[in-house]
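Keep the picture open and find each residue as you read.

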Amino acid sequence: MSAAEIGVIGLGTMGAMIALNIADNGFRVAVHNRTASRIPEFMAQAGDLAERVSGHAELSDFVAALAKPRNIILMVPAGEAVDAQIAQLRPLLDSDDMIIDAGNANFHDTQRRAQDAEADGVPFLGIGVSGGAEGARFGPSIMGGGTSAAWGRVAHILEAISAKYEGTACATYMGAGGAGHFVKTVHNGIEYADMQLIAEAYGVMRDGMGMDAAACGGVFDRWNEGPLQSYLIEISGKVSAATDTETGQPMLDVILDRAGQKGTGRWTVIESQMLGTPVPVIEAAVVARNMSAARDLRLSGAAAFGDHAKTIGQDALTLDDLERALIAGKILCYAQGFDLLDKASADYGWALPMADIARVWREGCIIRSAMLNDMASALADTPGQNLALAPYFQNVIIKNVDGLRKVATVAMAAGHPVPALASALNYFDTLTSARTTANMLQAQRDYFGAHSFERTDRDGAHYGPWLDQHLQG
Ligand code: 6PG
C-alpha cells in the first residue's frame, strides 16, 4: 500500500470504527494499537476495506507508513493515556506532523496540550466526536478545536467521514485550543439532561400511571413523530419494546436502576459554576445519576419511610401534558447549554459559532433532533440572546410550559421524583421573574459581613441601619 493519508492510534470500539469509516471514504489509513494482538483481529474485521488499511505493531513502522506531513488521530482513553501517547509519539515525528486527539478529553487538558504544541512549534488538534460506535463508523458529528490552519489540513477527511444533514457535513471548526472539546463537553451535559428528562417522563408513566414498558415504548414512538423527534426519543421507544432473551421479561424491567457516567456531564456543571452561568437542568441530571448510583442509601431510605408514592389518574395528568412538559423542558435545558457556550466563548476568547454548533448537532451525534434545526435558525437570527427568549421558542414555550408546570407539580404532589423537569420549571419561573428574593440575601450579607448592597432608588454601595446596632452589641 502507498503511504497512508492519515493514521489512527487506538483500536478500541471508537478508534476501530473511525479507522473503518476513513477507509470506507476512500482514504488510506495506517493503524496502531498498544496491545498488538488487536491489530490482526481488526484487519480481519476490516474485510474488503483492509486493502486501504495497514496495521503496524511497532509505533515506528506506523509512523513510517504515513505520508508527510503526517496526520495522526489518537483514540485512546482520555486523560493520562493521551499524554503518555503524545510523549511516546512526538520524538518519532517531524515538526510539521500533527497529532489529533479525538477522545472525550477534558478541554482544560486540550488547552494545555495545544499550548505545549504551540510552544514546540508543532500542529495539534483536539476534536470532539459524537455518535457512539455507530456514528463513528457511519458518520459522527465532529467539533474541532485548534488553529484554523491545523483544521484546514484535515477538514476534507473529517468532513468526508462525518454525518451529513441534508448534504451538509456535520464537522465544524469551533475555535482555538480546547474549543472543540468544550463544545463536546456541553453536548454531553445536554445529553445527560435530555436523557434524564425522558427517564422522568418514563417514571411518571411507569410508577404514576401504571403503564408497562411496551406501553411506554408506544408513547415514545408516537412522540418521535412530533416536535420531540430525536435519536434519544427513538431509542427510548426501542429499548422499551425490547425483551430480555434470558427471562422473557421486558428488558427495561431487568436492568438495575444504577446509572454510570464517565464524567463529561459533571465537567459541564463544574465549568458552568466556574463561569457563573447556571445549567440547572444538567446539574439535576448529574445529581440524579449520582443518586441512582447510591442504591444502598436509597434502599435504606425506602425501608425507613415506606412507599409513599401515589397513583396519578388520567384526570390529573395526560400523556399530552407529558409531551408538552418534555418540549418545554428540552428548550429550557438547551437554552442553558447555549448560554454556557456563549459565556465560555467570551471568557476564553473563542468566538464560538453558536448557530453552527446547533447545525453540527443536527445529525450524527447523540442529541440529534428535529428541534436543533429551529435552534440553529433562532441562534442565527438573535445572536447573544437566551434561546428561550428567541421569538420562535418563546411561542413554543408559551404553548407548552403549562404542561411542564402540571407534570412537575402533579408528579411531586404524588411523591414521584422529577428533578430535571422541576428544575426546568424553576429555571423558567426565575428567568421570568422581574423581582427575585435576592434583596433578602443582600440584606443578610450586609448584616453579618458589611458587604453592602445596591439600592433600587439610587446608585452606589449602601449599608443597612443594622450595622452600628449589632456590631456595637
Ligand atoms: C457521544 C457520547 C459518548 C459517550 C459518553 C457519555 O456523544 O457519542 O456522549 O461520548 O456515550 O462517554 O458517557 P457517560 O454516560 O458514561 O458519561
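Start at glutamate 166, which sits in the loop between strand E8 (164-165) and strand E9 (168-169). Keep in mind that this is a predicted model. Glutamate 166 has a phi near 45°, a positive value in a residue other than glycine. Is glutamate 166 buried or exposed? With a relative accessibility of 72%, glutamate 166 counts as exposed.

Now jump to alanine 351, in the loop between H14 and helix H15 (354-360). Alanine 351 isn't a glycine either, yet its phi is positive, about 55°. Its relative accessibility is 65%, so alanine 351 counts as exposed. What makes such spots worth a look? Most residues other than glycine have a negative phi, and most peptide bonds are trans.

## A cis bond and a loop glycine

That brings us to a peptide bond: lysine 68 and proline 69 are joined by a cis one, with omega at about -10°. You'll find proline 69 in the loop between H3 and E4.

Another loop to visit is the one between helix H2 (38-46) and strand E3 (53-56), where glycine 47 lies. Glycine 47 is partly exposed, at 42% relative accessible area. In sequence, glycine 47 and leucine 20 are 27 residues apart, while in space their C-alpha atoms are 9.7 Å apart.

## Pairs of opposite charge

Side chains of opposite charge can pair when their charged atoms come close. How many salt bridges does the structure hold? The count is 26. One of them joins the side chains of arginine 70 and aspartate 97, at 2.6 Å from N to O. Arginine 70 lies in the loop between helix H3 (59-64) and strand E4 (71-74), and aspartate 97 in the loop between helix H4 (80-89) and strand E5 (98-101), so this pair ties together parts that are 27 residues apart in sequence. Both arginine 70 and aspartate 97 are buried.

Next, look at arginine 112 and aspartate 109, a salt bridge whose closest N and O atoms are 3.4 Å apart. The two are three residues apart in helix H5 (residues 107-120), so about one helical turn separates them. An α-helix has 3.6 residues a turn, so residues three or four places apart point the same way. Arginine 112 is partly exposed, at 33% relative accessible area, and aspartate 109 is partly exposed too, at 23%.

There's also a salt bridge between aspartate 207 and arginine 206, at 2.8 Å from N to O. Aspartate 207 has 39% relative accessibility and counts as partly exposed; arginine 206, also at 39%, counts as partly exposed as well. Elsewhere, salt bridges with shared partners link Asp83, Asp101, Asp109, Arg112 and Arg113 into one network.

## A helix with a kink

Helix H17 (residues 391-413) is made of 23 residues. From its first C-alpha to its last, H17 reaches 33 Å, close to the 33 Å expected at 1.5 Å a residue. Where is the kink in H17 centred? It's centred on asparagine 400, and the bend is about 45°.

Several residues of H17 are buried, among them Phe393, Ile397, Asn400, Leu404 and Val407. The buried residues of H17 have cover that includes helix H8 (179-208), helix H14 (319-348), helix H16 (371-381) and helix H18 (419-431). Just past the end of H17, glycine 415 takes a positive phi of about 85°.

Leaving out residues up to four places away in sequence, aspartate 194 touches Leu232, Lys330, Tyr334 and Ile367.

Zoom out, and the chain is divided into domain 1 (6-177), domain 2 (185-431) and domain 3 (438-471). The centres of domain 1 and domain 2, taken over C-alpha atoms, are 32 Å apart. Their contact takes 24 residues from domain 1 and 22 residues from domain 2.

About 1,700 Å² is buried between domain 1 and domain 2, with carbon and sulfur atoms giving 62% of that. On the domain 1 side, Phe107, Tyr165 and Met174 lose the most area to domain 2, together 33% of what that side buries. And how many salt bridges are there between domain 1 and domain 2? The count is zero.

Note on methods: Residues are numbered from 1 along each chain as its sequence is written. This is a predicted model: local features need pLDDT of at least 70, side-chain atom pairs count only at pLDDT 80 or more; totals for chains, interfaces and linings use all residues. Side-chain values use heavy atoms; hydrogens and water are left out. A salt bridge is a side-chain nitrogen of Lys or Arg within 4 Å of a carboxyl oxygen of Asp or Glu. Helices (H or I, at least four residues) and strands (E, at least two) are DSSP runs, numbered from the N terminus. Buried means under 20% relative accessible area, exposed over 50%, partly exposed in between (1.4 Å probe, protein chains only). The expected span of a helix is 1.5 Å times one less than its number of residues. The bend at a residue is the angle between axes fitted to the seven residues ending there and the seven starting there. Contact means heavy atoms within 4.5 Å. Domain bounds come from an automatic or database domain assignment. Buried area is the accessible area (1.4 Å probe) that two parts lose on being put together, summed over both.
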